[in-house]
Amino acid sequence: MSGLTRESKSQRRSIHVKALARVEGEGALNLTMRGREVEELELKIYEPPRFFEAFLRGRDFREVPDITARICGICPVAYQMGSCYALEKAMGVFDQIDPAIQTLRNVLYCGEWIESHLLHMFLLHLPDFLGFESAISMAADHGALVKRSLRVKKAGNDLLMLVAGRAVHPVGVCVGGFYRAPDAAAATRLARELRTCLDEMCELTLFLAEKIEYPALERDYEFVALCPDNEYPMNLGRIRSNKGLNVDQEEFGRAIEERQVSHSTSMHAFVRDRGPYLVGPLARLNLNADKLLPRAAELVPKVCQAVGKSLPWRNNFLSLLARSLETVHALELAADTLSKYVPPVRSRVPIVPRAGIGGHGTEAPRGLCWHEYRCDADGTIVSARIIPPTTQNYATIEADLRELAPQIVDVPDEDATLRCEHLIRNYDPCISCSVHFLKLSRSQVG
Amino acid sequence: MHSPILIAAYGNALAGDDAFGPLVAEALHAQACAEVEVVSLGMRPAALLDHLADRSALCVVDAAWCDQQPAGTLLEMDFFAADRPELVYDRALSTHGLSVLAELQLARQLGLCPPQVRLVAVVAATAQVGCPPSAAVRQQVPVAVRRIADWARHVRCA
């Protein structure tokens with residue numbers, strides 16, 4: 001749903017998108033321009049806040065991964081992993097998590113990246129680039145392409161089911177590891193399908209690089225992502241940026257500042273004393289491209305040549321290609337791991353509750369998802385803080401729209417609206433995850 | 001190897017009459033049948049495409065909004081029938097905007113849609129979170145299970 005009004009072509013022009021389509025959750029856009037100047041721009045998030053941090057208080061720490069998984073149906077693993085690691089720090093067992101459990105966590109995350117990235121790239125965002133209203137109309141002309149993408153997406157769901165019991169809101173994850181390790185025979189079977197999907201995905205990535213024209217919109221972003229020393233980021237690593245941010249996981253909550261804005265039920269985040277920043281696949285790729293596994297690494301120069309840009313890319317429309325390269329990486333990592341998988345000696349580390357605090361972020365498909373929990377001596381949650389990736393990107397999305405606005409002054413109304421929506425969809429925003437703006441500072445009354 | 005017949009149930013078990021789909025799925029699971037696969041997709045219509053390959057028939061189970069019929073009325077019809085009432089998940093936005101209808105339209109474009117798509121739905125009075133399903137809707141669960149089993153038998157024999 002959208003509308004557009006003009007007082008006079010050279011004077012005041014307003015674009016109103018009342019309900020953003022092909023994004024998760026409910027949001028709207030109001031853009032008013034006078035000539036080439038932006039007079040007012042609001043990415044309005046009107047979905048009601050969900051109060052997850054408030055109702056985690058008073059719960060046992062073991063319940064947290066199953067509760068936070070409900071924040072999102074597309075990226076539940078991100079919320080489970082962030083809460084598990086943060087609580088393992090609070091309970092003093094973070095350094096005792098077995099390497100085999102860490103490996104399984106990475107494989108689980110691969111499933112989420114594959115499923116989420118494919119849904120976004122081929123069903124929600126590609127119609128923008130190819131000039132279709134939806135995946136349904138796109139499928140009439142590109143049926144084979146959509147079918148291939150659906151096969152890869154299904155492999156991601158199968159991976160989630162194998163490692164954590166089911167594809168949506170997995171039930172196999174617990175603080176300390178997993179309730180049960182996957183079956184070896186099932187892992188071997190799935191590894192074969194993942195290899196096939198890996199070949200498919202390499203071809204799909206080249207299609208996206210070679211056949212699509214990406215709009216030009218370069219900005220000087222501050223890219224923020226996990227930066228582990230020896231692997232492409234998923235679960236571990238310091239948090240760094242291209243502009244000097246370099247903090248331990250626990251410090252991140254103090255390194256950034258969240259602000260309420262009147263037009264949104266989601267907060268906006270800024271690097272403290274600096275400004276908006278960008279999290280997500282483009283940030284991860286720009287900061288960690290040298291850590292991609294071989295099949296994705298081989299594709300990077302071909303993709304860069306096709307789009308005429310070497311890394312780092314400063315155009316977030318190219319995040320589609322970053323997602324695609326990450327999917328190749330995830331398929332290779334999962335296939336390699338499962339093909340030599342041996343069930344671990346133990347699937348989880350035993351935990352004795354204690355009082356403590358822990359903060360940790362992992363890389364959700366849409367970017368860094370950071371959690372912090374304080375527990376009392378019996379493991380009851382005293383406070384919780386969750387910073388989802390989409391929250392961190394809102395201010396940057398608005399800045400992108402300000403940059404785009406002069407380009408659409410002379411564009412016909414319908415196309416101008418579509419280009420704004422297209423830009424927002426670049427971020428694969430997960431609005432439902434991000435709405436929790438009310439910070440309840442008082443827990444006792446009377 | 002997939003079962004040729006798929007039953008896909010939708011609904012939020014915690015949201016009043018919207019629990020109809022999950023309740024029917026639970027009852028059907030108890031009557032395991034080799035040629036029928038039952039999946040409970042909850043509030044996630046977008047998952048349907050993953051289950052459609054190589055099926056000869058699909059039955060969608062959901063709750064429906066219908067002013068012309070009293071709550072608890074059981075509806076059975078072709079999913080694509082022109083007079084089909086609106087389903088709770090026709091307008092679902094929680095999975096990036098892909099509804100049951102959108103999934104099936106996409107499946108048709110891709111040649112993945114089974115030749116037969118049946119709808120079994122109950123007319124809902126409320127889908128308010130926190131409310132139990134109404135007695136009228138609960139009473140229809142065993143009726144729906146019997147009718148779906150009969151339909152599946154008929155499809156297998158056809």
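The buried residues of helix α2 of chain B are covered by elements from both chains, including α5 (135-141) and α6 of chain A together with β1 (5-10), β3 (57-65), β5 (86-87) and β6 (116-123) of chain B. This is a predicted model, and every value below is computed from it. Helix α2(B), residues 100-109, is mostly covered, since eight of its 10 residues count as buried.

**Helix α2 of chain B**

- The buried residues of α2(B) are Val100(B), Leu101(B), Ala102(B), Glu103(B), Leu104(B), Leu106(B), Ala107(B) and Gln109(B).
- Just after α2(B) comes Gly111(B), which takes a positive phi of about 70°.

**Strand β6 of chain B and its partners**

- Strand β6(B), which is among the elements that cover α2(B), is itself mostly covered, with seven of its eight residues buried.
- With β3(B), strand β6(B) pairs in the parallel sense over eight bridges, and in this region Ala57(B) stands opposite Gln116(B) of β6(B).
- With strand β4 of chain B, residues 74-78, the pairing of β6(B) is antiparallel and runs over five bridges; here Glu76(B) stands opposite Val120(B) of β6(B).

**Chain B as a whole**

- Chain B contains three helices and six strands, and from the N terminus on these elements run in the order β-α-β-β-β-β-α-β-α.
- The radius of gyration of chain B is 14 Å, close to the 15 Å that the globule rule gives for 158 residues, so chain B is as compact as a globular protein of that length.
- Taken along the principal axes, the C-alpha atoms of chain B fill a box of roughly 40 × 35 × 25 Å.
- Of the 158 residues of chain B, 50% count as buried.
- Among the contacts in chain B between residues at least 6 apart in sequence, 80% join residues that are at least 24 apart.

**Chain A as a whole**

- Chain A has 14 helices and 14 strands, and buried residues make up 52% of its 446 residues.
- A compact globule of 446 residues would have a radius of gyration near 22 Å, and the 22 Å of chain A agrees with this.
- The C-alpha trace of chain A spans about 70 × 60 × 40 Å along its principal axes.
- When contacts in chain A between residues at least 6 apart in sequence are considered, 73% of them join residues at least 24 apart.

**Helices α6 and α7 of chain A**

- Helix α6(A), residues 143-164, packs with α7(A) at an angle of about 150°, their axes lying 9 Å apart, and the crossing of these two helices is left-handed.
- On the α6(A) side the contact is made by Arg148(A), Ser149(A), Arg151(A), Val152(A), Ala155(A), Asp158(A), Leu159(A) and Leu162(A), while the residues of α7(A) that take part include Leu190(A), Leu194(A), Cys197(A), Met201(A) and Leu204(A).

- Leu217(A) is found in the loop between α7 (184-211) and β7 (224-227) of chain A.
- Because 18 other C-beta atoms lie within 10 Å, Leu217(A) counts as partly exposed.
- Apart from its neighbours within four places in sequence, Leu217(A) is in contact with Asn315(A), Phe317(A), Asp400(A), Glu403(A) and Leu404(A).
- The C-alpha atom of Leu217(A) is separated by 9.6 Å from that of Leu423(A), which is 206 residues away along the chain.

**The sheet of β7, β8 and β9 of chain A**

- An open sheet of three strands in chain A has the order β7-β8-β9, with antiparallel pairing.
- Strands β7(A) and β9(A), the latter at residues 246-247, stand at the edges with a single partner strand each, so one side of each is left without a neighbour in the sheet.
- Helix α9(A), residues 281-288, packs on this sheet and touches β7(A) and β8(A), its direction making about 50° with that of β7(A).
- Strand β8(A), residues 238-241, and β9(A) pair in the antiparallel sense over two bridges, with Arg240(A) standing opposite Asn246(A) of β9(A).

Notes. Residues numbered from 1 in each chain as written. Chains lettered and ligands numbered in written order. Predicted model: local features only at pLDDT ≥ 70, side-chain atom pairs only at ≥ 80, totals over all residues. Helix = DSSP H or I, 4+ residues; strand = E, 2+ residues; numbered from the N terminus. Buried ≥ 20, exposed ≤ 12 C-beta atoms within 10 Å, placed from the backbone. Contact = placed C-beta atoms within 7 Å. Axes fitted to C-alpha atoms, helices over the stretch in contact; angles between N-to-C directions. Left-handed = near helix turned anticlockwise from the far one by under 90°. Pairing = 2+ DSSP bridges. Rg over C-alpha atoms; globule rule 2.2 N^0.38 Å.
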